[in-house]
Amino acid sequence: MSDPRAPQGDDDYSATVLGSHWFSGPPATAEPVVPDRVEGSVLRFGPGVTAAMPAPFPVSAVVAAPPRRRRGAGLRRYALAAIVLAAVLAYLGWQRFGPALEVRDVAVTTDPKGPSCDATADVVAVVGTNGRPGTLTYRWIRSDGTRSERLTERVPRGQREARLHLLWTFQGTGNYPARAELQLLSPGQRTAAVDFTYRCSP
């Protein structure tokens with residue numbers, strides 16, 4: 001029986017079975033193959049793969065051994081540091097706990113002409129030291145029967161001379177013989193004095 005859909009008058013026409021892709025659409029996209037596991041740079045895929053492909057480069061890293069230090073160099077370095085530290089500590093200890101302040105000499109001076117009428121005499125005591133830091137304790141004693149309180153003077157390191165001043169003011173007319181005495185109380189005990197005359201004519 002002939003196919004009624006075939007064109008009439010074409011004796012060579014025959015029915016053709018079309019492939020399934022003509023009516024079932026395009027083939028489904030193939031699922032990507034997921035590797036079984038990853039070992040370094042070698043990938044092993046799916047069943048049936050029995051031999052691993054060689055890696056393009058070695059997987060293990062080569063660690064260079066640290067350079068060997070010479071034992072003597074480290075010991076010399078530590079010995080030098082220890083020597084420097086000991087020298088610094090010795091210097092600081094000598095500065096702090098070395099010889100104490102010592103007084104070598106004391107001298108008291110003033111203007112030999114004495115003060116003028118109603119003027120002030122500047123009496124100066126010069127105390128020589130050994131240059132060590134410390135404190136001088138002293139008092140002034142005047143011939144008019146007065147004396148000062150205990151006074152102190154701080155002497156810095158390296159200063160070998162301290163100057164102590166007494167200002168003595170005179171008023172009135174006449175002549176007055178005066179004496180100013182420095183009494184050093186510490187370190188050690190020393191005294192030094194100077195004599196002068198106040199003159200004021202009416």
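## Thr129 in strand 4

In this predicted model, Thr129 lies in strand 4, the run that spans residues 120–129. Thr129 counts as buried because its relative accessibility is 5%, which is under the 20% limit for that class. The side chain of Thr129 reaches the backbone nitrogen of Gly131 at 3.3 Å.

Once residues up to four places away in sequence are set aside, Thr129 touches Leu101, Glu102, Val103 and Arg104, together with Val155, Gln159, Arg160 and Glu161.

## The largest nonpolar core

The largest nonpolar core holds 26 residues, and the members that touch the most others are Val108, Val123, Val127, Leu136, Trp140 and Leu182. Two or more residues are given to this core by each of strand 3 (103–109), strand 4, strand 5 (134–142), strand 7 (161–169), strand 8 (174–186) and strand 9 (190–200). Strand 9 supplies the largest share, five residues. In soluble globular proteins, nonpolar side chains tend to be buried together.

Leu182 is in contact, neighbours within four places in sequence left aside, with Val106, Val108, Ala125, Val127, Tyr138, Arg139, Trp140, Leu164, Arg190, Thr191 and Ala192.

## A nonpolar patch on the surface

Leu80, Val84 and Val88 form a nonpolar patch on the surface, and their accessible area together is about 260 Å². Of these residues, Val88 has its place in helix 2, which covers residues 71–97. Val88 counts as partly exposed because its relative accessibility is 43%, a value between the 20% and 50% limits.

Key
Residues are numbered from 1 along each chain as its sequence is written. This is a predicted model: local features need pLDDT of at least 70, side-chain atom pairs count only at pLDDT 80 or more; totals for chains, interfaces and linings use all residues. Side-chain values use heavy atoms; hydrogens and water are left out. Patches are made of residues with over 30% relative accessible area and no salt bridge: like charges are joined within 9 Å, nonpolar side chains (Val, Leu, Ile, Met, Phe, Trp, Tyr) within 5 Å. Accessible areas come from the Shrake-Rupley method with a 1.4 Å probe; for residues, only the protein chains shown count as cover. A salt bridge is a side-chain nitrogen of Lys or Arg within 4 Å of a carboxyl oxygen of Asp or Glu. Helices (H or I, at least four residues) and strands (E, at least two) are DSSP runs, numbered from the N terminus. Buried means under 20% relative accessible area, exposed over 50%, partly exposed in between (1.4 Å probe, protein chains only). A polar contact is a pair of N or O atoms within 3.5 Å; within protein, one must be able to donate a hydrogen and the other to accept it, and residues adjacent in sequence count only if both atoms are side-chain atoms. Contact means heavy atoms within 4.5 Å. A nonpolar core is a set of buried Ala, Val, Leu, Ile, Met, Phe, Trp, Tyr and Cys residues joined through side-chain atoms within 4.5 Å.
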